[in-house]
Structures are given as structure tokens and as C-alpha cells.
Amino acid sequence: MTNQILGIHHVTSMCGDPQANVDFYAKTLGMKMVKVTINYDDPSSYHFYYGDGLGRPGTLLTFFPWPSAPRGVTGVSQADTTSFAVPKGSLGFWKERLAANAIEADESVEFGFPTLTFLDPNEMIIQLVESIATPATNANYGEIPASFAIHGFHHVRLLSARPESTEKLLTETMNYSLKGEENDVKLYETNFTGSTYGRYIQIPQNPQVPFGRMGTGITHHVAFRVADDPSHEVVREQIMNAGQRPTEIIDRTYFHSIYFREPGGVLFEIATDNPGNTVNEAAEELGTSLQLPSWLEPQRGAVAAGLPEFVGPTGIHFPGGKK
Ligand code: ZN
């Protein structure tokens, strides 16, 4: 038990067409679709999880597909950029692969890390950051060789309305340290040394954009890890002592969660590592059928009938789950 936040757990965003989302993240980027479930707060919408082979915290990008919704407005009070760590020497491969899929990508160096920046099908900003010396493990990369494959998160960029207050919360309560500043952007790193995934947060100090509005292509919240339930209780107290107002602990089947809006307006979640994505599907079965929370299982037929059809990365037709 560490009683500390351990880095990024998952990032959850809104997308449009579910098929375009699956094709981009599972096929083009080679992430494993580890869970197909529904939005627990709105069962007429899917909830997709992508991650490494076991869907481990620190690797999980999740989406609520919202096919009829308009594009949101990217702006203050949101995370506007989600970045993934890739092995050193892999950006050339990714540049070619993205170009072959007609995706424009810009090369840069951020805080010393070679970085490729591009947009997903709903114009959400995605980055690949060369930062890890070893090939990825435990993944299902599709067409991507392990030596180039996505490991997990590198950082998220937060457009805080009050960067100083967000910094205070991160560094005094959430176990982050300021690591540097470049082009008016500050970089923070978790003090937890036990994981290479999801270590960093970037915060522009003067974001010259309007307030954001929810819609497709917009990140809904950023979740941070704690190791277990006892740590969750302690960290929840620490968050309250810092003047924040977290929710009660909510059971999300794959983790237990609290939510609060940090001082800069971004919705934060703190989620446990337990019980994890293999709680109701074996590792080799992850993402192969529609998973429902137990209270909706008796209405499976009606729930499925309200969901749009799409073909999963291994050819399974959802929501029915027949090959
Ligand atoms: Zn979440």
C-alpha cells in the first residue's frame, strides 16, 4: 500500500462514429481493444477501452462513441493532447505508417523527447513520444512490430484555467514534481518510480484559447492511479483536505473511482488498479464480446438493440458478438 497517486490510469474521450474509432486506434495505431461495454451513466452508448494486452492501468484510452453529436470545442478546462510512449528509434516507422493512411503528422522535440503530433478521426490531438528504450510487451499490436508499438501513456496536456492552482494540487497532494518549463509550458512528473507508463503532465501557463465545450474529439476526463482500495480511501481524504470535493467511491466494475473538478476546470478521476480488465474476461478473451454491468444483464437484448453496429478488430460483429 503506497497511499499515493501513481501516474495516469486512463483517459476518456468522446468520439463520433464507432467504426472509425476502432479502425484508427486498433488497426492504424495497433492498440488492443480490451473492453467493449456501455456507458454506465447512459446505456444507449458504448464505452470502448484500448490498451496493452492486459488492459493495464497506464495504458488505457477509452471512448464514449456519440455518433450524432457535433464536434466539441477544444479549450480551457480540458485535456487537449493525449500522448503515448513509443520505443526510441520508432518515429520513422510511425511517420511512414501515418502517411500511408493519409494522416498528416508534425515532428518536433518536446522537453528533449522526439515527438510526432497528429489528429484522430474526430480531430483529437494525439502524440507519439520516443521515450522508452525497450520494445513493448504483452500487447496485441496487429500490424505493428513490438519494437515500434505503443507502450502506454507518455503524458496528457491540461488546459487549466488556473495553472498555479493546478500545480499546487499536483505537487502538494497528487505526488507530482515540477520537472521543467519550455515555451511557456510546464512539465510535471510523478514521484512514483515503479512504472514507465503515464508519468508526465504538461500544463501551458497561458493557454490562448477559449473555454472548451463537450462534443466529439474532446477528452471528458483524466484518471489517475492508486494501487488498491485502502490507498483510495486515504487519497480521497488527502484530496478533500486540499479543498477539493470528490464524489463518493463508485464501482466501475474494472476499477473503483472518485471524481472531482480540479481548480483549473479539468475533470479528474482517481481509480484503483484493482480489480482490472481481466475481472470478467480472460486475457485472451478481452474485448471479444459486449460486457454489461450485472444490473443491466437481464436487459441485454434491449440494451444491445439500442447500440449501433460495428465490426471489431478481429472481425467480431458488435453488439451481438457473432463472428
Ligand atoms: Zn474514467
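N3 lies in the segment before β1, where helices (H or I, at least four residues) and strands (E, at least two) are DSSP runs, numbered from the N terminus. This is a predicted model, in which local features need pLDDT of at least 70, side-chain atom pairs count only at pLDDT 80 or more, and totals for chains, interfaces and linings use all residues. Residues are numbered from 1 along each chain as its sequence is written, and side-chain values use heavy atoms, with hydrogens and water left out.

Most residues other than glycine have a negative phi, and most peptide bonds are trans. N3, although not a glycine, has a positive phi of about 50°. With a relative accessibility of 22%, N3 counts as partly exposed; buried means under 20% relative accessible area, exposed over 50%, and partly exposed in between (1.4 Å probe, protein chains only). T253 is not a glycine either, and its phi is positive at about 70°. This residue sits in the loop between β14 and β15 (255-261) and is partly exposed, at a relative accessible area of 24%. Two peptide bonds also deserve a look. The bond from N274 to P275 is cis, with omega near -5°, and P275 is found in strand β16. The bond from F318 to P319 is cis as well, with omega near 10°; P319 belongs to the segment after β18 (317-318).

Next comes the sheet. Its 8 strands form an open arrangement with mixed pairing, in the order β2-β3-β4-β1-β13-β16-β15-β14. At the edges are β2 (32-39) and β14 (250-251), each pairing on one side only. Two strands count as paired if DSSP finds at least two bridges between them. Strand β1 (residues 8-15) pairs with strand β4 (residues 60-65) in the parallel sense over 6 bridges, and within this pair H10 stands opposite L60 in β4. Helix α1 (residues 18-28) lies across β1, β2, β3 (42-51) and β4, running at about 10° to β3. For such angles, axes are lines fitted to C-alpha atoms, for helices over the stretch in contact, and the values run from 0 to 180 degrees between N-to-C directions.

H10 also takes part in a metal site. The zinc ion is coordinated by H10 (NE2), H221 (NE2) and E269 (OE), at 1.9 to 2.1 Å. Donors are N, O and S atoms within 2.8 Å of the metal (3.2 Å for Na, K and Ca); water is not among the atoms, so sites may look incomplete. Along the chain the donors follow the spacing H-x210-H-x47-E. H221 in strand β13 (residues 218-226) and E269 in strand β16 (residues 267-275) are 48 residues apart, a pair that links distant parts of the chain. Both H221 and E269 are buried.

The interior and one more helix complete the tour. The largest nonpolar core has 72 residues, of which Y25, M174 and I201 touch the most other members. Such a core is a set of buried Ala, Val, Leu, Ile, Met, Phe, Trp, Tyr and Cys residues joined through side-chain atoms within 4.5 Å. In helix α2 (residues 91-100), L91, W94, R97 and L98 are buried. Seen down the axis of α2, its buried residues fall within an arc of 125°, so they line one face of the helix; the arc is that of the directions from the helix axis to the C-beta atoms. On the other side of α2, E96, A99 and A100 are exposed.

Terms used. Contact means heavy atoms within 4.5 Å.
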